[in-house]
Amino acid sequence: MYQPIDQVKTGIKLKMMLKAAGYDVKYIQEYLHLSCPQSIYRWFKGKVLPSVEHLCALSRLLNVHMEELLVLQGETIVYDMVGLWDNPTAKRLLAYAKHIQNVA
């Protein structure tokens with residue numbers, strides 16, 4: 001039996017990783033050649049997952065394996081990413097991620 005992907009936690013992790021790496025939504029939109037940023041915001045909110053093609057491109061951008069971008073149901077998100085604690089937006093995002101994890 002396989003573990004399904006947790007879309008909400010994956011969205012939070014994607015947002016944290018991209019923010020920690022210094023990328024904003026506009027840059028990601030241009031990098032992925034998207035016509036509008038809505039799909040990126042939908043990923044971040046856990047409404048949908050990025051396509052395999054977009055996951056591949058994001059993994060190359062962040063220099064990680066594609067699997068490292070995903071969170072399976074029941075897994076926890078790693079919070080100690082470099083640079084996150086200095087960013088007020090990231091602090092709020094981390095607090096939300098911890099809340100989501102405690103609810104699940």
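Reader: Which helix holds Lys-19?
Author: Helices here are DSSP runs of H or I with at least four residues, strands are E runs of at least two, and both are numbered from the N terminus. The run that covers residues 7-20 includes Lys-19, and this is helix H1.

Author: A word on the source: this is a predicted model, where local features need pLDDT of at least 70 and side-chain atom pairs pLDDT 80 or more, while totals for chains, interfaces and linings use all residues. Residues are numbered from 1 along each chain as its sequence is written, and side-chain values use heavy atoms, without hydrogens and water.

Reader: How many helices and strands does the protein chain have?
Author: Along the sequence, the pattern reads α-α-α-α-α. That gives zero strands and five helices.

Reader: Why does Lys-19 count as partly exposed?
Author: Buried means under 20% relative accessible area and exposed over 50%, with partly exposed in between (1.4 Å probe, protein chains only). Lys-19 is partly exposed because its relative accessibility is 33%.

Reader: Is Ser-59 buried or exposed?
Author: Ser-59 sits in helix H4, residues 52-62. Its relative accessible area is 6%, so Ser-59 is buried.

Reader: Which residues does Ser-59 touch, not counting those up to four places away in sequence?
Author: A contact means heavy atoms within 4.5 Å. With that rule, Ser-59 touches Val-64, His-65, Met-66 and Leu-69.
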